[in-house]
Amino acid sequence: MRIRCNEKDRSALLIFKHGVVDHFNKLSSWSIEEDCCSWKGIQCDNITDRVTRLDLNQQYLEGEINLSLLEIEFLNYLDLSLNGFTTLSMLNQSLVTSSNIHYLDLSFNDNLHMDNLLWLSKFSSLKSLNLSQINLQNETNWLQTMAMHSSLLELRLASCYLTNISPSIKHVNFTSLVTLDLSGNYFDSELPLWLFNLNSNISHIDLSFNFLQGQIPKSLLSLQNLKSLRLNDNELNGSIPEWLGQHEHLQYLGLFENLFHGSIPSSLGNLSSLVDLGINSNFLSGNIPTSFGQLFNLKSLFIGGDSLSGVLSEKHFSNLSNLETLVLRSPFAFDLDSEWLPPFQLHTLSLVNTILGPDFPSWIYTQQSLQILEVLNSRISSIDGDTFWSFVANVTHVNLGNNLITANLSNITLNSKFIFMNQNNFTGGLPHISPNVIFLGLYNNSFSGPISPVLCHKLSSENSLNFLDISYNFLAGEVPDCWENWKGLSFLFMENNKLTGEVPPSISSLIYLQILDLHNNLSGNFSLDLSNMKNLEIINIERNKFSGTVPVVPHSMQMMILRSNQLEGNIPLHLCNLSSLIQLDLSQNKLSGAIPQCIGNLTSMGEEKQTIHYPFSFNMYTKGLQLNYKDFGFYRSLDLSTNNLSGEIPPEVFSLVQLKSLNLSRNHYTGKIPREIGDMKNLESLDLSNNQLSGKIPVTISTLSFLSFLNLSNNDLVGQIPLGTQLQSFDASSYAGNHGLCGAPLPKNCTREENVDDDSKLHGRNNDDDSFIKSLYLGMGVGFAVGFWGICGSLFLNRAWRHTYFRFLNHVVDYLHVFCAVNFKLNNGIRGTSC
């Protein structure tokens, strides 16, 4: 076998491989095969046998990118994107004077940080550079460094944490640039001047997802070859300029999620090359111009804004024969003939907050290529049952949420992969589910009857159901014991129905379940061992009648809501092992004993840790109210209230410094409130009421600057309420029932003895320190008396000294008077001067 590989190339590749962490053995061929030209990702020139291309895109590699690769003399293409590299290093830098690489892509190595880009000076022939999703926050001169590469055709630095776009610089040496992508950074200035002085070849600009401000300047007209302009998700204001209609080559125009006001200019209908148009602002008004109906090349149209309105007619769509995606998110009404045949065949139709009802529009049935259908909050109240369900059976994604649709679905079989029909008035029993369904959302309807006919029905093939939400209906009967048929479920919501009985054993067969929400009217002994459900992160079984002890749960648990049941026994020690737990609610049960000291091991409550954020809302009891939170991932809370817990509150509770809500009320706790409570700097709600706590309120509590709810009532606390803006701002009811307390906001004033604060305890001083302070104050008093009478007594007894002293005071007053008068004249009309 002839070995083609050049030895120098091979050596450089092996040095690179040495720094790579290859968990999945993707580079196994690099050590087995002798000829490096046959290694995975390598391409060699057929004549010279030199390595010219290295492509290891998305190979799950980690570790170090060693730029020994620059020693490969004829390498012109290097792609290491979509991996997990964390370090960039270079050996033998002096050996590499220049590189022939034309194409370099290191993007989407999310944990790769670069302090500067000076190493790019080796790439003198670079034409395409992509460093997107790499952390460049320490690189403040990126623009000047990039401008050194005059041969660049394509520059992509999206989501690189860049902050400085140098808005005042007028010219940058991008003489060849065609594509510029700086989206997803932190630029917060106006659009930079140099952008509008780029060469005439520039055709693609993407500055989306920044914080850019100001108006779009008319100098943009100088970029006449512009094909793509994406300015989405910024803070641009003013009106959308009429002159944008002069960009005749423009194919992609993205202006949504900005602060534009006024009307949508009709001149945009002149952009005959336009393929994709997106406009959305809550400050825009008026209707969509009818000229948009002439955009015959348009494939995607997105228009949204709460203040846009008007009536859309057939003229708005007359020549849109290539339209594939239509998204309208404004209160537009439609004036379309019932027999209208649209000129397009849509793939995606999303109509949100429009005025379509009461009947489902018949023209939608003509869209035989439709894969995504969303008609939300559009006043639909009736559908043609047979026609509608037959039509949507072939639509992948169906969302009819927040309408007024009334229909009995008992005999309907749903077939779409993603189905959301929440917040309507669907009645009868639950619909049947085909094996194709992945997501099914039916919450807040009027479904009734048992759920067993649907869930216990044998499917012809293995089902795909991953998400099931049947909450807020009128479903009744027992929870069926046939969950082994639905082992693929990850999310299960059945709360707020009329279900009864116990939780069946087969629930524990849902080993992929992440969220389980069962708060209903269930009862019986909750004896399930959930520890085998290794993916379970949220369990909510509140407001049932479950008995037994606190269940064993897996270490993955983040949120446990077990409130309002009849659980007994102690708080189990195994809860202390849940290092990911951020919310624990055991309130309104019959738990007894002490709080275990190991509670300090709940590290996610005590340390800043990343948690998973779900797009679901949850009710939480905090600040004396039931509040709804859309993203619980930011809120850490501990609620053990209304039980029979006793003993002293262990200081370890107050080591959970990331807590925002702590409720230990209505128990039998004794002892003092630990002064460590002052460490809980993030606390917003604290309720220790209705216990038997004694002693003084620790002064450290006054340092809790975020505290907006406090209840210490009905304890045996004594002494003065510590002074602090927060503590005096609460209502007197926060301290009521503590007969030994005094001071604002209570009407009871403190006596001299009660008024002595415990600052000394705050700083850990002992009795000797107190004696020292008393002696110090006594010495200061005596010294003041001696000094005062030493001066004043002399003046009082000696007449000559007394007259001299008062003449001196008169002289000082006269001097100050003259000084002020002169300065007042000099400054009159400029600023006021007073003495």
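This is a predicted model: local features need pLDDT of at least 70, side-chain atom pairs count only at pLDDT 80 or more; totals for chains, interfaces and linings use all residues.
At 45% relative accessibility, Glu73 counts as partly exposed, because that value falls between the 20% limit for buried and the 50% limit for exposed residues.

Glu73 forms a salt bridge with Arg50, and the closest N and O atoms of the two are 3.8 Å apart. This pair links distant parts of the chain, 23 residues apart. Arg50 belongs to the loop between strand S2 (42-44) and strand S3 (51-55), while Glu73 belongs to the loop between strand S4 (62-66) and strand S5 (77-79). The surroundings of the two partners may be set side by side. Arg50 has a relative accessibility of 13% and therefore counts as buried, whereas Glu73, at 45%, counts as partly exposed. In general, side chains of opposite charge can pair when their charged atoms come close.

The structure holds nine salt bridges, and two others may now be described. One of them joins the side chains of Arg53 and Asp55, with a distance of 4.0 Å from N to O. Both partners have intermediate accessibility: Arg53 is partly exposed, with a relative accessible area of 27%, and Asp55 is partly exposed at 29%. In another, the side chains of Glu154 and Arg156 meet at 2.5 Å, N to O. Glu154 counts as partly exposed at 23% relative accessibility, and Arg156 is partly exposed with a relative accessible area of 27%. Salt bridges can also share partners, and in this way Asp9, Arg50 and Glu73 are joined into one network.

The next topic is a residue of the surface. Asn111 lies in the loop between strand S7 (103-105) and strand S8 (128-130). With a relative accessible area of 56%, Asn111 is exposed, because the limit for that class is 50%. How far apart in sequence and in space are Asn111 and Glu62? The two are separated by 49 residues in sequence and by 9.9 Å in space, taken from C-alpha to C-alpha.

Nonpolar side chains can also be found on the surface. Tyr161, Tyr186 and Phe211 form a nonpolar patch there, and together they have about 290 Å² of accessible area. Of these residues, Tyr186 is placed in the loop between strand S10 (179-181) and strand S11 (204-206). Its relative accessibility is 41%, so Tyr186 counts as partly exposed.

The structure holds seven cavities of 30 Å³ or more. The second largest cavity has a volume of about 60 Å³. Which elements give two or more residues to the lining of this second largest cavity? They are helix H4 (385-392) and strand S24 (413-414). The residues that line the cavity include Trp389, Val392, Thr413 and Leu414, and Asn415, Ser416 and Ile419 are also among them. By class, the lining has six nonpolar residues, three polar residues and no charged residues.

The final topic is the geometry of the backbone. Most residues other than glycine have a negative phi, and most peptide bonds are trans. Against this background, four places in the chain deserve a description.

The bond from Gly357 to Pro358 is cis, with omega near 5°, and Pro358 lies in the loop between strand S21 (348-352) and strand S22 (372-376). The bond from Ala744 to Pro745 is also cis, with omega near 10°. Pro745 is found in the loop between strand S51 (740-742) and helix H8 (759-762).

The other two concern the angle phi. Ser159 is not a glycine, yet it has a positive phi of about 55°. Ser159 lies in the loop between strand S9 (154-156) and S10, and at 25% relative accessibility it counts as partly exposed. Asn496, which is not a glycine either, has a positive phi of about 55°. The place of Asn496 is the loop between strand S31 (491-493) and strand S32 (498-500). With a relative accessibility of 24%, Asn496 counts as partly exposed, because this value lies above the 20% limit for buried residues and below the 50% limit for exposed ones.

Definitions and conventions: Residues are numbered from 1 along each chain as its sequence is written. Side-chain values use heavy atoms; hydrogens and water are left out. On a 1 Å grid over the protein atoms alone, a cavity is a set of points where a 1.4 Å probe fits but cannot get out, and a pocket is an open set with protein on both sides within 12 Å along at least five of seven lines; lining residues have an atom within 4 Å of a point. Grid points are joined across faces, edges and corners, and a volume is the space filled by probe spheres set on the points. Helices (H or I, at least four residues) and strands (E, at least two) are DSSP runs, numbered from the N terminus. Ala, Val, Leu, Ile, Met, Phe, Trp, Tyr, Cys and Pro count as nonpolar, Asp, Glu, Lys and Arg as charged, and the others, Gly among them, as polar. Patches are made of residues with over 30% relative accessible area and no salt bridge: like charges are joined within 9 Å, nonpolar side chains (Val, Leu, Ile, Met, Phe, Trp, Tyr) within 5 Å. Accessible areas come from the Shrake-Rupley method with a 1.4 Å probe; for residues, only the protein chains shown count as cover. Buried means under 20% relative accessible area, exposed over 50%, partly exposed in between (1.4 Å probe, protein chains only).
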